[in-house]
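Dear colleague,

I am handing over the structure below, together with an account of what was found in it. Could you read the notes alongside the coordinates and keep the cut-offs in view as you go?

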Amino acid sequence: MTRGYVDDDALGFADALRARTIQVVPPADVPAASRAVLRPHPAVQSVRDLPWDDVLDANAAVYAWTHEGWSPVAPDFAAALSEDLEAEVDRDASSAAVVDGEIVALALVYHDSTPSCLTAETTRRETADGERLIEACVRRSLDVLAARGVERVTFDGHVSDPHFLPVWARLSPRGRWFRLVEIPPAGG
């Protein structure tokens with residue numbers, strides 16, 4: 001398994017070895033000012049105001065279903081995913097949509113990279129108003145970052161993320177397309 005930007009020589013080499021694309025990652029750079037095209041929602045709030053264990057569970061739920069079709073996780077993966085997350089996540093800028101007391105959508109802002117990285121998706125594939133809730137989570141997170149003077153944010157998502165992708169597309173992202181590929185073993 002390897003990864004790289006679509007025009008990298010390394011991916012050309014992988015393609016010559018019959019690499020199979022398992023995931024496509026869209027361009028990642030988004031100007032914080034582009035948030036104006038997104039709408040807020042009253043169900044969205046700061047992750048800071050929620051029990052951290054609920055946020056960890058929601059993040060694990062997001063990760064499990066968004067990767068199940070191309071990179072499934074083991075039953076006990078959540079502990080590894082959550083390790084050091086509290087030190088990496090900006091809880092004030094991160095956002096969650098809470099419906100009937102449950103986190104149903106999550107936008108996490110990671111401050112351990114420059115620029116800050118943002119991930120966003122619902123906790124279940126079939127989430128009522130999922131795209132609308134992701135829109136509002138991303139809007140709130142970008143509002144917080146913009147108020148701090150942040151001008152650019154990097155997004156991390158996949159073209160197969162059904163609620164994130166339409167929101168991301170409206171933000172006028174820039175950058176290079178990224179592919180994750182598998183190379184079959186020699187001899188099949």
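**Sheet and salt bridges**

Three strands make up an open sheet in the order β1-β9-β2, and their pairing is antiparallel; strands here are DSSP runs of E with at least two residues, helices are runs of H or I with at least four residues, and both are numbered from the N terminus, while two strands pair if DSSP finds at least two bridges between them. At the edges of this sheet are β1 (2-5) and β2 (20-25), each of which pairs on one side only. From one strand to the next the twist averages 25°, where axes are lines fitted to C-alpha atoms, for helices over the stretch in contact, and angles run from 0 to 180 degrees between N-to-C directions.

Please bear in mind that this is a predicted model, in which local features need pLDDT of at least 70 and side-chain atom pairs count only at pLDDT 80 or more, whereas totals for chains, interfaces and linings use all residues. Residues are numbered from 1 along each chain as its sequence is written, and side-chain values use heavy atoms, with hydrogens and water left out.

The antiparallel pairing of β1 with strand β9 (residues 178-182) runs over four bridges, and within it R3 has L180 of β9 as its bridge partner. Helix α1 (residues 9-16) packs on the sheet and touches β1 and β9, its direction making about 130° with that of β1; contact is taken as heavy atoms within 4.5 Å.

G4 also belongs to strand β1, and this residue is buried, at a relative accessible area of 6% (buried means under 20% relative accessible area, exposed over 50% and partly exposed in between, with a 1.4 Å probe and protein chains only). Leaving aside residues up to four places away in sequence, G4 touches L11, W177, F178 and R179. Of these, F178 is 174 residues from G4 in sequence, yet the two C-alpha atoms are 5.5 Å apart in space.

Turning to the charged side chains, the count comes to 15 salt bridges, each defined as a side-chain nitrogen of Lys or Arg within 4 Å of a carboxyl oxygen of Asp or Glu. One of them joins R152 to D29, with the closest N and O atoms 3.1 Å apart. Because R152 lies in strand β8 (residues 152-155) and D29 in strand β3 (residues 29-31), this pair ties together parts that are 123 residues apart in sequence. R152 is partly exposed at 41% relative accessible area, and D29 is likewise partly exposed, at 24%.

A further salt bridge connects R48 and D92, whose closest N and O atoms are 3.0 Å apart. R48 sits in the loop between β4 (44-46) and α2 (52-67) and D92 in the loop between α4 (85-88) and β5 (95-99), so parts 44 residues apart in sequence are tied together by the pair. R48 is partly exposed, with a relative accessible area of 41%, and D92 is partly exposed at 36%.

R170 and E135 also meet in a salt bridge, at 2.9 Å from N to O. This pair links distant parts of the chain, 35 residues apart, with R170 in the loop between α6 (164-169) and β9 and E135 in helix α5 (residues 130-147). Which of the two, R170 or E135, is buried and which is partly exposed? R170 is partly exposed, with a relative accessible area of 34%, whereas E135 is buried, at 1%. Both residues belong to a network of salt bridges that links R39, R132, E135 and R170.
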